Amino acid sequence: MAIYKSQIQPIAAPAEAVFDKLSDLSSLKTLLENVPQSAIPADKKEMFDAVRVTADTISFPAGPVGELTMKLTRRERPTLLVLEGLGAPVALSMSLEIGIISEQASEACVVIDIAIPPMLKPMIGGTLQKMADQFGEFLGKLNYA
C-alpha cells in the first residue's frame, strides 16, 4: 500500500461542524452547483459536469479506469471519515482526518491509501500526492457554517 497525505489545513470552524458538513456528501452537491463556471478550466468542464453525488457516495470520471465511486464507509464523530473506492482496479481508500484545535477551530488532512505495485509508484505517485493536496486545500476553503 502507498500512502499520500495532504498538508494539514487550518479550518476556522469547530471539528463537529466540519464533520457534520462532510459526513453527508450530498452537501457537496450544492457546493458543486454553486461553483462559478469561470472557475472551472475548460479542459475539466466535462469531467466536473459528470460528478454525481448522493448522501454517502461520490462518483466521477477517472481516466482510463472509467468511473470511480467513493463510498463513505466509516464515521467516527468528530475526527474521522473514511471513503472506500468501489469498482477500482486496486484497493483504495481516502480518509479525512479532523483535528480539534479549540472550540472554534480545527484542522483537516486527507490521506489516500492505495494498493499500487511498486513499479507504478514513480509514474502515478506525483498525481496521487497532488490529488491529496488539492482535496486538502479544498477542505480548508469550505464554509462550515
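Me: Which residues is serine 93 in contact with, leaving aside its neighbours within four places in sequence?
Reply: Contact means heavy atoms within 4.5 Å. Here serine 93 is in contact with Met70, Val82, Leu83, Glu84, Val111, Ile112 and Asp113, once its neighbours within four places in sequence are left aside. Keep in mind that this is a predicted model, where local features need pLDDT of at least 70, side-chain atom pairs count only at pLDDT 80 or more, and totals for chains, interfaces and linings use all residues. Residues are numbered from 1 along each chain as its sequence is written, and side-chain values use heavy atoms, with hydrogens and water left out.

Me: Where is serine 93 found, and is serine 93 buried or exposed?
Reply: Buried means under 20% relative accessible area, exposed over 50%, and partly exposed in between (1.4 Å probe, protein chains only). Serine 93 has a relative accessible area of 12%, so this residue is buried. Serine 93 is found in strand β7; helices (H or I, at least four residues) and strands (E, at least two) are DSSP runs, numbered from the N terminus.

Me: How many residues does the largest nonpolar core have?
Reply: In soluble globular proteins, nonpolar side chains tend to be buried together. A nonpolar core is a set of buried Ala, Val, Leu, Ile, Met, Phe, Trp, Tyr and Cys residues joined through side-chain atoms within 4.5 Å. The largest one in this model has 31 residues, and Tyr4, Leu22, Leu83, Leu139 and Tyr144 are those with the most contacts inside it. At least two residues of this core come from each of β1 (2–5), α1, β5, β6, β7 (92–100), β8 (106–114) and α4.

Me: What does leucine 83 touch?
Reply: Not counting residues up to four places away in sequence, leucine 83 touches Leu25, Ile58, Met70, Lys71, Leu72, Thr73, Leu92, Ser93, Met94 and Leu96.

Me: How many salt bridges does a search of the whole structure find?
Reply: A salt bridge is a side-chain nitrogen of Lys or Arg within 4 Å of a carboxyl oxygen of Asp or Glu. The search finds 3 salt bridges. In one of them, aspartate 20 pairs with arginine 77, with the closest N and O atoms 2.8 Å apart. Aspartate 20 lies in helix α1 (residues 15–23) and arginine 77 in the loop between β5 (67–76) and β6 (80–86), so this pair ties together parts that are 57 residues apart in sequence. Glutamate 67 and arginine 52 also meet in a salt bridge (2.6 Å, N to O). Here glutamate 67 is in strand β5 and arginine 52 in strand β3 (residues 52–53), so the pair ties together parts 15 residues apart in sequence. Glutamate 76 and arginine 74 meet at 2.5 Å, N to O.

Me: Which peptide bond is cis?
Reply: Most residues other than glycine have a negative phi, and most peptide bonds are trans. In this model, the bond from arginine 77 to proline 78 is cis, with omega near 0 degrees. Proline 78 is found in the loop between β5 and β6.

Me: How many aromatic pairs does the structure hold?
Reply: A pair of aromatic rings is described by the distance of the centres and the angle of the planes. Rings of Phe, Tyr and Trp (its six-membered ring) pair if their centres lie within 6.5 Å; planes under 30 degrees apart count as stacked, over 60 as edge-to-face and the rest as tilted. The structure holds 1 aromatic pair. Phenylalanine 135 and phenylalanine 138 have ring centres 5.9 Å apart and planes at 35 degrees, so the pair is tilted.
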